[in-house]
Amino acid sequence: MKIILTDILHRKGFDVYNILRRNYKRDEIVLFLDKPGAWRRFMAKVVYGGKIHDLNKASANDFSQAINTAGDLSDAVFIPVEEDSISLFLEGVDANLIRNKKYLLPSQNNFLLAADKLLLTRFCNQNDIPAPEEIDPFDSESEFRPFIAKPRRGSGSSGIVIVEFEKDLEKISGLRKDDFVFQSLLPDGKNVKGTFHLFHQGKQISAYGHQRIRTFPPEGGVTVYSRLDTTAEAIETGKLLLEKLNWNGLAMVETLYDPTEKKHKVIEVNPRLWGSILLSEFTGIHMLNDYVRLALSMDIKQHELKTKAYIRWIFPFDLIAYIRSGFRIKGFWNFNFSTTCYINMTYAGFWRSFFFILMGILDPASMRKFIRKIFNG
């Protein structure tokens with residue numbers, strides 16, 4: 001049995017590898033390095049050891065060729081780490097370039113719909129799934145309402161524009177309308193919940209959520225500290241959406257609570273693994289191992305679950321937040337390994353974690369980004 005793991009120098013890829021190593025031997029996990037180069041290949045060898053395969057993402061044909069020439073991977077299980085890799089994999093399968101692989105993935109149409117915030121919003125509104133209302137701020141005859149403009153593709157807060165007052169409409173004057181979705185602005189934009197789901201042929205197998213405690217930047221951005229959350233309504237909203245999409249595999253659904261309508265509304269779907277996948281393993285939900293077993297048509301096991309758990313991403317963003325706060329985040333240096341898992345640390349072992357973090361420090365592009373975040377946010 002083999003497992004195909006791409007994007008190994010991404011933080012998610014690193015955590016996924018460490019989770020898989022708890023259940024599978026090192027030579028059962030076939031590693032693929034995207035954007036290969038001498039420095040990245042050297043660091044990948046230092047971090048992982050063993051054989052590293054180059055992965056070309058220029059096209060579905062190049063991607064498929066890399067998978068097909070990495071040895072005998074018949075019936076190997078493909079792990080969905082990054083959206084571009086999943087998209088290329090699905091293209092390769094549809095074109096019959098990739099054969100005899102095991103995976104749990106939605107149809108290519110539903111994958112692309114989930115990844116496109118405009119198509120997703122319209123799908124939700126058409127199927128009575130709670131979501132912010134789509135509006136047209138360029139319609140001069142409509143009454144102004146506060147709104148948020150989001151890039152149709154992408155994650156995090158990059159590219160988002162918030163317009164609360166009519167006098168600020170100039171903020172969107174340079175935007176290409178077709179590249180964005182425009183939604184009514186909900187109050188309390190920080191009350192976001194992430195719910196995480198494993199589906200098998202349209203049926204939910206397991207689900208859980210997390211509640212943000214701290215983000216960077218503080219006004220809303222990447223989550224750096226969160227806790228396990230089992231809010232039934234948020235999870236039920238995500239389940240309803242994924243059932244309508246006849247989902248297969250893993251997905252993260254982000255909802256924002258609307259106190260006016262008292263509903264959790266869908267604002268985004270990440271049709272892939274998520275940055276806090278460690279929490280699934282740490283709490284005993286074991287979504288990643290269940291994904292592999294289901295892909296291989298094996299029964300899944302009963303799990304003993306924790307009811308209280310936290311996850312932190314200390315380096316770089318929580319550390320940046322700490323520095324920018326003037327070293328005033330209460331309890332920053334309090335570590336509780338029995339109730340908290342740590343991104344890029346837990347399950348990694350000291351030296352693998354050390355070299356992975358060091359790799360990020362020594363990478364010039366990462367260091368420039370780190371410095372900009374410290375001074376500019």
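**A walk from the sheet to a helix pair**

Start by selecting I4: its bridge partner in β4 is F78. Strands here are DSSP E runs of at least two residues, helices are H or I runs of at least four, and both are numbered from the N terminus. You're looking at a predicted model, where local features need pLDDT of at least 70, side-chain atom pairs count only at pLDDT 80 or more, and totals for chains, interfaces and linings use all residues. Residues are numbered from 1 along each chain as its sequence is written, and side-chain values use heavy atoms, leaving out hydrogens and water.

Now widen the selection to residues 3-5 and 76-78: these are β1 and β4, running parallel and joined by two bridges. Two strands pair if DSSP finds at least two bridges between them.

Next, show the whole sheet. It is open, with five strands in the order β3-β2-β1-β4-β5 and parallel pairing.

Contact means heavy atoms within 4.5 Å.

Then pick residues 287-295: helix α9 lies across β1, β4 and β5, at about 130° to β4.

Last stop: α5 (residues 108-115) and α6 (residues 117-126). Their axes are 5 Å apart, at an angle of about 100°. So α5 is roughly perpendicular to α6, a label for angles of 65 to 115 degrees. Show side chains where L113, A114 and A115 of α5 meet K117, L119, L120 and F123 of α6.

Terms used
Axes fitted to C-alpha atoms, helices over the stretch in contact; angles between N-to-C directions. Parallel < 35°, antiparallel > 145°, perpendicular 65-115°, else oblique.
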